[in-house]
Amino acid sequence: MQLPDPRGPLSQQVGHVLAGRACEGPAVTALPLPTGEVLDSEDLQLALWMLFELHYRGFDGVDPDLEWDPVLIHSRGMLEGCLEGELRGLTAEDVRRAQRRGGDLAGRLTWLIDDLDRGSLATFLQRSATVDQFADFMRQRSIYHLKESDPQSFVLPRIGGPAKVALAELQYDEYGAGRPERLHADMFGRALDAMALDSGYGAYIDEASAATLAMNNVMSMFGLRRRLRGAALGHLAAFEATSSAPCRRIVSGIERLGLPAATAAYFDEHVEADAVHEQLAIRNVCAALTDDEPELADDVLFGAASCLRMAEIAGEALVGSWSETPPRQRLVAVDA
Ligand SMILES: [Fe+2]
Ligand SMILES: [Fe+2]
């Protein structure tokens, strides 16, 4: 993948450092952080996304050893601090409401997911989206789905016992269950190909919205910070538990639009698989994790709330980009 185009001083300076031209500007840590909301800052989110990408496939012509460059790690920590702080604020009340429910972790987590699941984007895709809008959705989603499940794999060595066994089982499915043609990331690639879109890894990074970048950054931050392993698995549970029914609606939208079978195949796979993964992630991963490490229960709820709040923000941003009407209004109208 080529380095993305910068969108402001932070991403420009990260790009300079990765391209071996660190002397062309100040240290990333010396730059002022955005004054607006962190989740809305394309510049900050892109800079952070580039720093995280060093831990995945990296960039063409960029020294792979920069993955562990102390200055870049320090810069990443600074940007992650901004992101985590904003997420904690965004979800604090959600987590408090789930805590007040009492009962076991699986019950509180299920209640929180049901409470925050909006599903409006899938309904829009099912009933109203045009082919061009569906293609926009695929391009934004390609940033994650072409590395689907990779952020959660970072968690495996950080946990043990039954939770580790269940997470490995879930990841095994995501990685094709022994069949290369069922690797979910590649199935998404074929879904893009079938629509004559670019299935190259990171091909659409220059089009990724702040919300799309932030969604991906949240997963990477949770996966790459051992301290946040509870949040990573709560996020996974919310992601899996809000996938099956929306994927069914998206398949119906694909049929309405007459899009190719390979595009439907990716979402169809998730209708059944994620109905199973939901229970696996809530009970066998998250509940087992907190049996072992009860102090992580609040972070499991934090991770789940973060997943669902980010999905809501990204859905509103995408639908909003298709209309002059304020996004929240449109999504409510679709659900009515
Ligand atoms: Fe999947
Ligand atoms: Fe899944």
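Let's start at the metal: the iron ion (ligand 2) is held by Glu174 through OE, by Glu240 through two OE contacts, by Asp274 through OD and by His277 through ND1, at 2.0 to 2.8 Å. Donors here are N, O and S atoms within 2.8 Å of the metal (3.2 Å for Na, K and Ca), and because water is not among the atoms, sites may look incomplete. Keep in mind that this is a predicted model, where local features need pLDDT of at least 70 and side-chain atom pairs count only at pLDDT 80 or more, while totals for chains, interfaces and linings use all residues. Residues are numbered from 1 along each chain as its sequence is written, chains are lettered from A and ligands numbered from 1 in the order in which they are written, and side-chain values use heavy atoms, with hydrogens and water left out.

Along the chain, the donors of this iron ion (ligand 2) are spaced as E-x65-E-x33-D-x2-H. There is also a neighbour to look at: the iron ion (ligand 1) is 4.0 Å from the iron ion (ligand 2), and Glu174 coordinates both.

Now look at the D and H of that pattern. Asp274 and His277 are about one helical turn apart because they sit 3 residues from each other in helix α13 (residues 261-292); helices are DSSP runs of H or I with at least four residues, numbered from the N terminus. Asp274 has 2% relative accessibility, so it counts as buried, and His277, at 0%, counts as buried too. Buried means under 20% relative accessible area (1.4 Å probe, protein chains only).

A cavity is a set of points, on a 1 Å grid over the protein atoms alone, where a 1.4 Å probe fits but cannot get out, and lining residues have an atom within 4 Å of a point. The largest cavity holds about 40 Å³, the volume being the space filled by probe spheres set on the points, which are joined across faces, edges and corners. Among its lining residues are Leu51, His55, Glu67 and Arg76, and helix α3 (residues 70-100) gives the most, with 3 residues. That lining has 5 nonpolar, 1 polar and 3 charged residues.

The second largest cavity has about 30 Å³ of space. Its lining includes Pro151, Met219, Phe222 and His235, with α10 providing the largest share, 3 residues. By class, this lining has 4 nonpolar, 3 polar and no charged residues.

How values were computed: Helices (H or I, at least four residues) and strands (E, at least two) are DSSP runs, numbered from the N terminus. Buried means under 20% relative accessible area, exposed over 50%, partly exposed in between (1.4 Å probe, protein chains only). On a 1 Å grid over the protein atoms alone, a cavity is a set of points where a 1.4 Å probe fits but cannot get out, and a pocket is an open set with protein on both sides within 12 Å along at least five of seven lines; lining residues have an atom within 4 Å of a point. Ala, Val, Leu, Ile, Met, Phe, Trp, Tyr, Cys and Pro count as nonpolar, Asp, Glu, Lys and Arg as charged, and the others, Gly among them, as polar.
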